[in-house]
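Let's take a walk through this structure together.

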Amino acid sequence: MSRLAKLLFAVVLGGSLATTLLLEASAQQVAARSSGKLGLGRPALPEEIKAWDTDVRPDGKGLPVGKGTAKVGDVLFQERCASCHGEFGQGVGRYPAIAGGIGTLKADRPDKTVGSFWPDASTVFDYIKRSMPFGNAQSLTDDEAYSLTAYILSMNDVIKDENFELNEKNFASVKMPNAAAFYGDDRETAEKHFWKKDPCMKDCRTAPKVIGRAVSVDVTPDSKAGPKVD
């Protein structure tokens, strides 16, 4: 057989093989679609799931095994957190305050902190473990996260004893000051009487009456009084 004939034979054979592989792949894809699966990827390994599954529920589900005290957390906080949140949790610059504000929620400018607003202590641990310290997220050990959580709770007078050991077993027993002010989404019962089968889509109300304009109260400058822009 000449070299040309051998080359043509190889091309034909290669093309047939490629066609066969494509047909097999197509058959696998059809089978995957019929079974409701895409036929891509692989099942996640347990350690891969564990790396992502870090959320903590209010009932304590998801908490890792660990422990910490406010006394230990105080040292950690001053080293890794105070530069943003302040030595006493008061906040620095535009970084948020995380302590204080009890009784201010009905004021014109309420202070929404961990102690005054947050309903569940689990949010503190969850956020610290996933996102803190800023710029070095997920660098804390579980024990360090427990200690920092305990210290922040102690700054808000939720935990009174600096040597109290916070752990995965007693965590769910911690009650936050504002917990009773939160409730589940009850719109299906509380607002159901507003729902209508055929909602109004046109001419549903009279046109609103304009009773004042911003220019009348000197809120909007006119062209003469406005600032000059270069």
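Two rings of Phe, Tyr or Trp (for Trp, the six-membered ring) count as a pair if their centres lie within 6.5 Å, and planes over 60 degrees apart make the pair edge-to-face. Keep in mind that this is a predicted model. Searching the whole structure turns up six aromatic pairs.

Take Phe125 and Phe171, for instance: their ring centres are 6.2 Å apart and their planes are at 80°, so the pair is edge-to-face. Phe125 belongs to helix α5 (residues 122–131), while Phe171 sits in the loop between β2 (166–167) and α7 (187–190), so this pair links distant parts of the chain, 46 residues apart. Phe125 is buried, at 1% relative accessible area, and Phe171 is buried too, at 2%.

Phe171 also pairs edge-to-face with Tyr146, with 6.3 Å from centre to centre and 70° between the planes. Because Tyr146 lies in helix α6 and Phe171 in the loop between β2 and α7, this pair ties together parts that are 25 residues apart in sequence. Tyr146 is buried, with a relative accessible area of 0%.

Is Ser147 buried or exposed? At 4% relative accessibility, it counts as buried. Leaving aside residues up to four places away in sequence, Ser147 touches Lys67, Gly68, Thr69, Ala70, Val72, Gly73 and Leu76.

Now for the cysteines. A disulfide is a covalent bond between the sulfur atoms of two cysteines. This model has one disulfide. Which cysteines form it? They are Cys200 and Cys204, with their sulfur atoms 1.9 Å apart. The link between Cys200 and Cys204 is left-handed, with -105° about the S-S bond. Cys200 is partly exposed, at 47% relative accessible area, and Cys204 counts as partly exposed at 47% as well.

Cys81, on the other hand, is in no disulfide: the nearest cysteine sulfur belongs to Cys84 and is 8.5 Å away. That rules out a bond, because a disulfide needs the sulfur atoms within 2.5 Å. Cys81 counts as buried, at 12% relative accessibility. Cys84 is in no disulfide either, its nearest cysteine sulfur being that of Cys81, and Cys84 is buried with a relative accessible area of 16%.

Terms used. Residues are numbered from 1 along each chain as its sequence is written. This is a predicted model: local features need pLDDT of at least 70, side-chain atom pairs count only at pLDDT 80 or more; totals for chains, interfaces and linings use all residues. Side-chain values use heavy atoms; hydrogens and water are left out. Buried means under 20% relative accessible area, exposed over 50%, partly exposed in between (1.4 Å probe, protein chains only). Contact means heavy atoms within 4.5 Å. Rings of Phe, Tyr and Trp (its six-membered ring) pair if their centres lie within 6.5 Å; planes under 30 degrees apart count as stacked, over 60 as edge-to-face and the rest as tilted. Helices (H or I, at least four residues) and strands (E, at least two) are DSSP runs, numbered from the N terminus.
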